[in-house]
Amino acid sequence: MDSFFNIVMPLLIAFLIWGGYALVRRTRERRAAWESGLTATARVVRAWATTQMVNNVARRVQWHEYDYTTGDGVAVRFKESGGPRDREAGEEVLVHYAPADPEKATASEPQPGKDMAGTVFGLLFIGAAVLVLLYVWATLPEL
């Protein structure tokens with residue numbers, strides 16, 4: 001049983017740290033797209049929803065796939081979660097993109113304050129979870 005916790009706890013901690021990294025990475029990608037000032041008109045190729053179960057509560061996540069052409073003439077297709085539910089295939093929307101990573105574009109409106117607050121809250125939650133796991137792991141009695 002002890003070896004089980006010595007394998008599972010580090011894996012859980014590593015998974016949480018990876019989640020924090022992914023959260024910060026996507027926040028930086030959106031911020032770079034917004035701050036570049038480059039925009040393009042994109043067409044919604046596909047819209048769909050997925051359902052996640054969190055604590056026995058269904059959570060609907062809206063997804064969209066977009067096509068657009070950069071100012072340099074490069075055709076780009078990307079997927080993004082979280083858009084408006086009423087956005088349908090065939091609609092045209094404004095996307096923000098960074099010239100270095102046009103496939104990391106975003107169709108969401110610039111909200112850097114809200115985005116940063118969500119990232120900070122997420123990192124605080126992940127940090128607290130890591131601390132709890134470290135505490136539990138350190139205080140496990142030898143079996």
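This is a predicted model: local features need pLDDT of at least 70, side-chain atom pairs count only at pLDDT 80 or more; totals for chains, interfaces and linings use all residues.
Is Glu-65 buried or exposed? I began my notes with this residue, and I found that Glu-65 counts as buried, because its relative accessibility of 10% falls under the 20% limit for that class.

**Entry: the partners of Glu-65**

I looked for the charged side chains that meet Glu-65, and one of them is Arg-46, which forms a salt bridge with Glu-65 at 3.2 Å from N to O. Since Arg-46 belongs to strand S1 and Glu-65 to strand S2, this pair ties together parts that lie 19 residues apart in sequence. Arg-46 itself is partly exposed, with a relative accessible area of 38%.

I then noted that Arg-77 also meets Glu-65 in a salt bridge, here with 3.7 Å from N to O. Arg-77 sits in strand S3, which covers residues 75-81, while Glu-65 is in strand S2, so the pair ties together parts 12 residues apart in sequence. Arg-77 comes out as partly exposed, and I recorded a relative accessible area of 46% for this residue.

**Entry: the salt bridges of the whole structure**

How many salt bridges does a search of the whole structure find? I noted 9 of them, and I took the pair of Glu-29 and Lys-104 next, in which the closest N and O atoms are 4.0 Å apart. I checked the accessibility of both partners: Glu-29 counts as buried at 16% relative accessibility, and Lys-104 counts as partly exposed at 33%.

Returning to Arg-77 and its salt bridge with Glu-65, I moved from that pair to a network in which salt bridges with shared partners join Arg-25, Arg-26, Glu-29, Glu-80 and Lys-104.

**Entry: how the strands pair**

I turned to strand S1 (residues 38-54) and found that S1 pairs with strand S4 (residues 92-97) in the antiparallel sense, over 6 bridges. Within this pairing I noted that Arg-43 stands opposite Glu-92 in S4. S1 also runs antiparallel to strand S2 (residues 57-69), and 11 bridges join these two strands. On that side I found two tryptophans facing one another, as Trp-48 stands opposite Trp-63 in S2.

I next looked at the hairpin of S1 and S2, which has 2 residues between the strands, and saw that Asn-55 takes a positive phi near 55 degrees there. Asn-56, in the loop between S1 and S2, has a positive phi of about 60 degrees although this residue is not a glycine. I class Asn-56 as exposed, because its relative accessible area is 74% and the limit for that class is over 50%.

**Entry: the largest pocket**

Which residues are the closest to the centre of the largest pocket? I first recorded that about 1,500 Å³ of space lies in this pocket, and then that 39 residues line the pocket, of which Arg-26, Arg-30, Arg-59, Ser-81 and Gly-82 are the closest to its centre. I asked which elements supply the lining, and found that H1, S1, S2, S3 and H2 each give at least two residues, with H1 giving the most, at 8 residues. By class, I noted 12 nonpolar, 13 polar and 14 charged residues in the lining of the largest pocket.

Asp-115 lies in helix H2 and counts as buried at 14% relative accessibility. Leaving aside its neighbours within four places in sequence, I found Asp-115 in contact with Thr-27, Arg-30 and Trp-34, and of these Arg-30 is one that I had already listed among the residues closest to the centre of the largest pocket.

Arg-31 lies in helix H1 and is partly exposed, with a relative accessible area of 28%. Not counting residues up to four places away in sequence, Arg-31 touches Pro-112 and Met-116. I also noted that the C-alpha atoms of Arg-31 and Gln-111 are separated by 8.9 Å, although these two residues are 80 residues apart along the chain.

Notes: Residues are numbered from 1 along each chain as its sequence is written. Side-chain values use heavy atoms; hydrogens and water are left out. Two strands pair if DSSP finds at least two bridges between them. Helices (H or I, at least four residues) and strands (E, at least two) are DSSP runs, numbered from the N terminus. Buried means under 20% relative accessible area, exposed over 50%, partly exposed in between (1.4 Å probe, protein chains only). On a 1 Å grid over the protein atoms alone, a cavity is a set of points where a 1.4 Å probe fits but cannot get out, and a pocket is an open set with protein on both sides within 12 Å along at least five of seven lines; lining residues have an atom within 4 Å of a point. Grid points are joined across faces, edges and corners, and a volume is the space filled by probe spheres set on the points. Ala, Val, Leu, Ile, Met, Phe, Trp, Tyr, Cys and Pro count as nonpolar, Asp, Glu, Lys and Arg as charged, and the others, Gly among them, as polar. Contact means heavy atoms within 4.5 Å.
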